[in-house]
Amino acid sequence: MNPAALARAEIRALKPYASARALADSAGVLLNANENPWPPAGDGGLALNRYPDPQPAALKARLAEVYGVDESRLLITRGSDEGIDLLVRVFCRAGQDRVLVCPPCFGMYALSARVQNADVIEAPLIEVGGQWQLDTAAVAQTLPCRLYFLCSPNNPTGNRIAADTVLELARRVSDHGLVVIDEAYIEFSDSDSLADKVGLQPNLVVLRTLSKAYALAGCRIGAVIADPDVVDLLRRIIAPYPLPTPSVSAALAALTPEALARQQDQLARLERLKAALLEQLELHADIKQVWPGEANFVLVRVEDAQALVQDAFAAGIRLRDQSTQPDLDNCVRITVGSEEEMQTLAEFLRDWQP
Ligand SMILES: *Cc1c(COP(=O)(O)O)cnc(C)c1O
């Protein structure tokens with residue numbers, strides 16, 4: 001089944017807003033968008049007086065290359081947060097369609113679903129022998145959902161979900177739903193992206209972001225990789241000019257071959273810093289459990305998560321209490337930072353007693 005047929009009828013019938021930049025290129029004498037003809041102070045050659053290209057061609061081409069997908073399968077968004085929101089709004093009829101989440105997980109899936117008044121169905125991950133994994137039996141037993149959100153490596157547990165498991169679910173639900181795999185942390189892990197499987201499995205959607213491994217959280221650039229018809233539907237409801245020119249410029253700079261080589265160095269550095277952190281955590285008397293995971297963070301369990309977070313706060317270190325998530329009572333997520341930051345953390349942990 002063509003996954004676009006699962007979209008809300010109103011969206012399928014919608015005639016998208018045609019912005020000036022979408023109707024014509026930005027060459028020649030530009031008198032079609034009521035812009036100011038003069039660049040602002042501090043423009044730095046960006047032509048900020050002009051509206052940006054809705055899907056900047058150079059960035060689109062480069063991202064398609066980096067992700068190894070056809071441009072027709074790529075939509076650039078304001079972070080993957082926007083991708084999640086667009087998917088929910090295009091595919092879920094308020095008060096009727098359901099969204100599956102597998103907590104403990106990223107909170108935006110359920111939040112976007114609730115804003116759209118889509119029911120949130122939970123199939124919690126299970127922890128077996130220190131490993132978090134998808135409860136495939138529980139997922140199989142849920143009521144049919146329109147969107148199935150999975151995350152690999154998962155935030156905050158760090159586990160990955162095997163490609164076969166994701167693809168099998170996508171095949172099984174293809175008559176009524178889309179499987180969305182959030183790969184925000186894939187660059188930190190050894191696993192391969194499922195981006196190149198979207199062509200074979202049209203109800204599979206992959207979310208990528210430049211916020212984490214590409215060090216561009218402040219730029220808000222993400223990508224939805226999906227069937228071309230799904231991309232077309234998402235484009236109908238995205239804001240007319242979603243991508244600010246400075247963000248696009250910074251993203252292009254972060255995707256040059258030299259920048260990518262530097263990124264590889266950073267990833268290796270973070271891996272070493274993470275290994276050192278894990279060593280200290282394993283030896284710490286007051287850390288009861290450690291889930292190393294495959295991302296740029298680790299999850300730990302202590303006697304009293306609030307005490308750890310507050311004591312760290314007093315030492316100038318911010319950690320994230322995860323206790324409100326199912327099965328994560330007294331769990332804290334620790335991001336792997338720079339050498340200096342990890343040194344500060346190490347000194348704090350050395351002296352810390354609850
Ligand atoms: C950080 C994160 C993102 C990234 O969101 P952006 O909007 O791209 O910054 C997406 N998914 C998960 C699970 C995350 O942890």
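Student: Does I225 count as buried or exposed?
Tutor: This is a predicted model, in which local features need pLDDT of at least 70, side-chain atom pairs count only at pLDDT 80 or more, and totals for chains, interfaces and linings use all residues. Residues are numbered from 1 along each chain as its sequence is written, and side-chain values use heavy atoms, with hydrogens and water left out. Buried means under 20% relative accessible area, exposed over 50%, and partly exposed in between (1.4 Å probe, protein chains only). The relative accessibility of I225 is 0%, so I225 counts as buried.

Student: How far apart in space are I225 and I76, C-alpha to C-alpha?
Tutor: I225 lies in strand β9; strands (E, at least two residues) and helices (H or I, at least four) are DSSP runs numbered from the N terminus. Contact means heavy atoms within 4.5 Å, and, leaving aside residues up to four places away in sequence, I225 touches residues including Y67, L74, L204 and V206. I225 and I76 are 149 residues apart in sequence, and their C-alpha separation is 8.8 Å.

Student: Which residue of β9 stands opposite R208?
Tutor: Two strands pair if DSSP finds at least two bridges between them. β8 and β9 run antiparallel and are joined by four bridges. Opposite R208 stands A223.

Student: How many residues of β7 are buried?
Tutor: L178, V180 and D182 point one way from β7, while V179 and I181 point the other way, and all are buried. β7 is therefore largely enclosed by the rest of the structure, and the count of buried residues in this strand (residues 178–182) is five of the five.

Student: What is the handedness of the crossover from β6 to β7?
Tutor: β6 (residues 147–151) and β7 pair in the parallel sense over five bridges, with L147 bridged to L178. The chain passes from β6 through helix α7 (residues 163–172) to β7. A crossover is right-handed if, with the strands pointing away from the viewer, the path from the first strand over the helix to the second runs clockwise. This β-α-β crossover is right-handed.

Student: Which residue of β8 is the bridge partner of V179?
Tutor: β7 also pairs with β8 (residues 204–209), in the parallel sense and over four bridges. The partner of V179 is L204.

Student: Which residue follows α3 with a positive phi?
Tutor: Among the buried residues of α3 (residues 57–67) are L59, L63 and Y67. What covers the buried residues of this helix includes β1, β8, β9, α9 and α10. The phi of the residue after α3 is near 70°, and that residue is G68.

Student: Which residue forms a salt bridge with E294?
Tutor: An automatic or database domain assignment sets the domain bounds, giving domain 1 (3–19 + 54–255) and domain 2 (260–351). The count between these domains is one salt bridge, defined as a side-chain nitrogen of Lys or Arg within 4 Å of a carboxyl oxygen of Asp or Glu. At 3.0 Å, N to O, the side chain of E294 meets that of R160.
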